[in-house]
Structure formats: C-alpha cells, structure tokens
Amino acid sequence: MRGLAEYIMRGSKQATLVVALAAAIPLLFWISAAALALVILRRGLNDALSVLIWGVLPALAWAVMGDPTPLLVIVGSAGLAVILRESGQWSKVMLLTVPLGVAYALLLLTVHNEQLMALAGQIREMLPQMLSGAQNGVDTAVLARLEALLVPILGGLLGAVHVLMVLVCLMLGRAWQARLYNPGGFREEFHALRLSPLVAGGLLLLTLLGPQWTQLALLSPVASVPLLIAGLALVHGVVGIKNLGTVWLVAFYVLFVFMAQFAYPLVMFLAFVDSLFDFRSRMRPDSGSTGDDSNGHG
C-alpha cells in the first residue's frame, strides 16, 4: 500500500486518477475514500477540492443507480478528515460519528425502505419461533414491542456499518500519511485513543437504553461504534505496551469474529471502564508527549 500512497501524493492528477477510478469500480470505493482522506490530511480541503469533485462524480452515478454507499463513505471520510486535520483529536472525530451515523441511518431508511420493510417482515414472522424457548412463553405485548423496534434497529445497524466504514477509510488514509511522513505516528495516535468519562458514559447509556424507546432505538447501534473503536484502541495499546506481538491481536480478532455477540459488548464496556481509569497510563512509565501528525508535517 505504500507504493499506492506515494503515487497518490505525487500530484493532483495522480490523486484524482486513483480517487475517481476506485470510486467507479465496484467494491473499491474504500480505496477512493482512503486516498481522498490522505490528500485532505496532508494538503487540506482547498487543495483537495478538485480531487473530491472527481471522486464524488462516479459515486453519484452509483447513488443514482440505487447504491448510495460509495457516496456516503467518500463524503463522510472527507468530512471527518477535515475535522481531524484541523483539530488533531481522534476523540472529537469519534463523537462526530454519532450524528453522522444517525443521518446515514435516516437517509438509508428512506432509500432502502422497501428492502428494510421486507426484511423486518421476514424477521417478524420468525420471532415467535425464535422466542418459543423462552420460559413461560412471550407476552403478546412484548412481541408487539419487539416488532415495532425492528425497522429502527435495522436502520441504525445500516447507519452504524456505514459510519464504521467511514472510520476505517479515514484510519487507512491516516496510516498512509504517517507511513510517508511520520513513521509510527498513527500507531501512537490509535494506541492513545480514549473517550472522556462523560462521552463514554453517555454513549453506553444510549446503546443500552435506546431500544427501550422506539424513537431512540435507531441511536443504539450508532452510539456503539465510538465505544467499539475506543475498546479496540485499548486492546492495541495494551498489546503495544506489553510488547506481546501481533499474534495476540490476530487471536483477539479471530475470537471477536466468532464470538461477536459476547465480544462486542465486552469491548464496549472495557472502553467505558478505561475512560474512568485510563489503564494505559497506569501500565507505562511517564514519558514526554508524543508528536502529533495532525497536519502531516511531523
């Protein structure tokens, strides 16, 4: 990937070619989003504006054909890249993913309304069978409540998945930037990522209590994304401090994939607890502040 990042940074023509071509090819929009994020992080939005325009055009074509995902991910990555360049704070970026994810969820509920309603209908038909093993059965009112939550939750999941893709593309662009201009910079930033207690507590409450109200159910999956990323940063940070090696990370992600229903809540809870106690600062000796590559000039 270093060769691709070097090619992108040779000039506007090269960057435009990569961003536009990747946006036009099915399933490669993430490369377009990451490349655009790299250009914005290094050169700023003004210099990247022409690249953004040419990248958005193929994504717009996909949106017209019924697939808004490339457009949402490319534009979202560009917007968060601007915020990260100006502030240099990943915690601020994490917080902004919540309103962005909600906006995506509402938009996707509109665009994919028929598909979501059909999927909700299929799940609704299976609910009695899925819950038939519950002790004393399931109350009719509870079943009706679960049915009412299906569409908002599905919309929230779509918004969460899209905003997670935005974050991954932004992080990839940041990693490319650090590899070219500040080796190890992104690793230090990600290992240090931590939410404030107020933010982490609020997100955890939204995640847990959102499904209690139909109007807030959509927020629950979206609010979990910053907690997930903060929890993963905690895991990476601890592995880095203890010099445990990548094999531990590989094992963690394998377990995470195969035990997601248990691992996801656990990682979120660890992120909240870490916001209170800051485990990483307790595990390592005091040292000078690390360099910030917020503008790529480190």
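Q: Which exposed residues sit on the face of H10 turned away from its buried side?
A: This is a predicted model, where local features need pLDDT of at least 70, side-chain atom pairs count only at pLDDT 80 or more, and totals for chains, interfaces and linings use all residues. Residues are numbered from 1 along each chain as its sequence is written, and side-chain values use heavy atoms, leaving out hydrogens and water. Exposed means over 50% relative accessible area, buried under 20%, and partly exposed in between (1.4 Å probe, protein chains only). On that outward face of H10 you'll find Leu198 and Leu205.

Q: Why do the buried residues of H10 line one face of the helix?
A: Helices here are DSSP runs (H or I, at least four residues), numbered from the N terminus. The buried residues of H10 are Ala200, Gly201, Leu203, Leu204 and Thr207. Going by directions from the helix axis to the C-beta atoms, they line one face because they fall within an arc of 165 degrees.

Q: What covers the buried residues of H10?
A: Contact means heavy atoms within 4.5 Å. The cover includes helix H6 (90-111), H11 and H13.

Q: Is Asp274 buried or exposed?
A: Asp274 lies in helix H13 (residues 260-277). Leaving aside residues up to four places away in sequence, Asp274 touches Arg194, Leu234, Phe279 and Arg280. Since its relative accessibility is 2%, Asp274 counts as buried.

Key
Helices (H or I, at least four residues) and strands (E, at least two) are DSSP runs, numbered from the N terminus.
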